[in-house]
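I am opening a notebook on this structure and will write down what I look up, one topic at a time.

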Amino acid sequence: MSDKPYKVILPESEIPTHWYNIVADFPTPPAPPLHPATDEPLGPDDLAALFPMGLIMQEASAERWIEIPEEVREIYRIWRPTPMYRAYRLEQALGTKARIYYKYEGISPVGSHKANSSVPQAYFNKIAGRTRLTTETGAGQWGAALAFAAEVFGLKCDIWQVRSSFEGKPYRHAEMSVYGAWSIGSPSETTEIGRKLREQFPDTSGSLGMAISEAIEVAAQDPNASYSLGSVLNHVLLHQTVIGQEALKQIAAFEEPQVDYLFACAGGGSNLGGISFPFIRENLEGRQNVKITACEPAAAPSLTQGEFRYDFGDTAGMTPKLKMYTLGADFVPDPVHAGGLRYHGMAPLVSHAYHEGLISAIAVKQREAFEAGIIFARAEGIIPASESNHAIAGALRQAKVAQDGEVILIGISGNGLLDLPAYTDYLDGTMLDA
Ligand SMILES: *Cc1c(COP(=O)(O)O)cnc(C)c1O
């Protein structure tokens, strides 16, 4: 057996004690969110109907390090630190000159990185005295993650799931029910905006923007309820920085002084921000020179095809306006398999980093993504989430042209065990190349 490690698993004592806030280190400050009615910069009170103050303070914070409450670290212990692997067998399969590593978030109870933020979001709601959470979910990963976290902290959880996934992925509904949550396809008859959208677009397959509007409408009307968002907002990306902080320690434990290329998939931007922001900090301080690539789906290419401007986070225009790369809040993407990537905008922090040239982006069509995912699965055994396949596709493009000894790191945001029907479509040759 080789004396080189296949994986680095950090002890629980290495679970980060703080989240890293990149706002403190950006060379220029990002543009503030605006009030949807007045276009004035948003104050903390403007968000108080929707979010608990603990999360609002994080949303607006410019402090570099924000302490992770002990109660949250205690739950993180179920799956964190997550492992990092050297993909020896993938390297062999590709015949690449690069050394390839991957940080794997698929071992969380819900199978993705989303639990890194659902747990602190449920915690801060609990200590603020809220008893009910409402949210949207696309493919169902965020809904499942929030359902799990709500259960941990004894909160009720109501979920509006994009109709195309609700109908196409009944096992996600089952998963949310197992964790004790209520869920329904969106747009639904349960809200005013949902009824309006159904009247206007009777055949709509739904969108994250529509589901967000429904969940916000309900939270805004119930004083005991908060709305939770699984991506896009600053506090969500902040929570996800546990990924990148661990990855820095693990890559050092592999005795790699430097990562040359980092690839992560980008829907709303949370796993990309989470793994890459600690590396951007290394870049800004001159310790590393990592080229970071956001891999987005060609079906929802907000960074590569969108405009950088203020836009709403939802279809009905109920959220604050966010400065972001956007395809327009009424954008309804093709129902591609990577449901978690089908959002019209990109997180303001990721958008800002992209605008400032701190990261770059590519768009990947779904057949290339699944081809890469299958090469990965056959070499490494892990079946990646549909979304994660986009990151693997980006890495494989680089691995093919790599120089000797180049180091490539892939963020694998989740496992694909509930995405197997999509793999079947690919293998049958019935997958559209959207
Ligand atoms: C939700 C999800 C994504 C996309 O969301 P981001 O906020 O861009 O990370 C990617 N991968 C998995 C496994 C997901 O569940």
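**Entry 1, a pair of helices.** I began with helix 14 (residues 366–380) and helix 16 (residues 420–428), whose axes come within 10 Å and cross at roughly 105°. I noted that this is a predicted model. Angles from 65 to 115 degrees count as roughly perpendicular, so helix 14 is roughly perpendicular to helix 16. I then looked up who makes the contact: helix 14 brings Arg367, Phe370, Glu371, Gly373, Ile374 and Arg378, while helix 16 brings Ala422, Tyr423, Tyr426 and Leu427. Sorted by class, the residues of this contact are 6 nonpolar, 1 polar and 3 charged.

I checked how strand 14 is held on its paired side, and found 5 bridges joining strand 14 to strand 11 (residues 291–297), the two running parallel. As one point to locate in the model, I marked Cys295, whose bridge partner in strand 14 is Ile362.

In which order do the strands of the open sheet of 4 strands stand? I read the order as 8-7-6-9, with parallel pairing. The edge strands are strand 8 (182–186) and strand 9 (225–228), each of which pairs on one side only, and the twist averages 20° from one strand to the next. Strand 6 (residues 132–137) and strand 7 (residues 156–162) run parallel and are joined by 6 bridges, and I noted that Leu133 stands opposite Cys157 in strand 7. I found helix 5 (residues 141–152) lying across strand 6, strand 7 and strand 9, at about 165° to strand 6. Helix 7 (residues 170–178), in turn, lies across strand 6, strand 7 and strand 8, at about 170° to strand 7.

Helix 8 (residues 192–200) packs with helix 9 at an angle of about 150°, and their axes are 8 Å apart. Since angles over 145 degrees count as roughly antiparallel, helix 8 is roughly antiparallel to helix 9. Glu192, Ile193, Gly194 and Leu197 of helix 8 make the contact with Met210, Ser213, Glu214 and Glu217 of helix 9. By class, I have 3 nonpolar, 2 polar and 3 charged residues here.

The elements giving two or more residues to the lining are helix 1 (53–60), helix 9 (208–221), strand 13 (321–326) and helix 13 (348–355). Helix 1 gives the most, with 3 residues. By class, I recorded 25 nonpolar, 5 polar and 2 charged residues in the lining of this pocket.

Definitions and conventions: Residues numbered from 1 in each chain as written. Predicted model: local features only at pLDDT ≥ 70, side-chain atom pairs only at ≥ 80, totals over all residues. Heavy atoms only, no water. Pairing = 2+ DSSP bridges. Axes fitted to C-alpha atoms, helices over the stretch in contact; angles between N-to-C directions. Contact = heavy atoms within 4.5 Å. Parallel < 35°, antiparallel > 145°, perpendicular 65-115°, else oblique. Nonpolar A, V, L, I, M, F, W, Y, C, P; charged D, E, K, R; others polar.
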